[in-house]
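Hi,

Here is the structure I promised to pass on. Have a look at it first, and my notes follow below.

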Amino acid sequence: MLDVLLIPAVLLVAFALQAARRGAHRLHSYLMTAAFTVVALRMLLRPRAFPPGHLETGLAVLGLAGGAMILGRGALAWREGRSRNPQIPRFHRALGTLTLVSFALALVFWLLRDRA
C-alpha cells in the first residue's frame, strides 16, 4: 500500500522537469526536493518490506539524487550570478540524467520482481 506514494513522486518529477524546461529553476529545485522527500519517506516507513537487494539499490539511487541536488544548488547559484564556476550546471545535468536513468531501471526491476 505504501507503494502508492511513488505516484506523487513521479508526478513531482514530471512537473519539476517541466519547470526546468520553462526556466523556473527555483521551482524545479523545490519540486525535486519534494519528490526526493516522498521517495525517502517511502523507503524509511517499511524498509523490511523490500526484497533482498532492493533496499540497497534504492539507497544507491537516493544517493545519486542527493548528489544531483547538491550540484543543483551550485547550478542555481551560477544561474543567479552568485557563483563563477560555469561547469556546475553541466555536471548537475549529467548527474541528474544518470539519476533518472538509474531510477527508471530500478523501477522496471521493481515492477518485474517475483512476488512469490
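**What I found**

Helix 2 buries His 28, Leu 31, Ala 35, Val 38, Val 39, Ala 40, Arg 42 and Met 43. Their cover includes helix 1 (6-22), helix 3 (54-79) and helix 4. As for spacing, an α-helix has 3.6 residues a turn, so residues three or four places apart point the same way. Keep in mind that this is a predicted model.

The length of helix 2 checks out too. It covers residues 25-45, and at 1.5 Å a residue those 21 residues should span 30 Å; the C-alpha atoms at its ends are 30 Å apart, so the two agree.

The C-alpha trace spans about 55 × 20 × 20 Å along its principal axes. Of the 116 residues, 28% are buried. If you count contacts between residues at least 6 apart in sequence, 57% of them join residues at least 24 apart.

One of its members, Leu 105, sits in helix 4 (residues 88-111). Leu 105 counts as partly exposed because its relative accessibility is 47%, and that class lies between the 20% and 50% cut-offs.

Cheers

Key. Residues numbered from 1 in each chain as written. Predicted model: local features only at pLDDT ≥ 70, side-chain atom pairs only at ≥ 80, totals over all residues. Heavy atoms only, no water. Helix = DSSP H or I, 4+ residues; strand = E, 2+ residues; numbered from the N terminus. Buried < 20%, exposed > 50% of the residue type's maximum accessible area, 1.4 Å probe, protein only. Expected span 1.5 Å × (residues − 1). Contact = heavy atoms within 4.5 Å.
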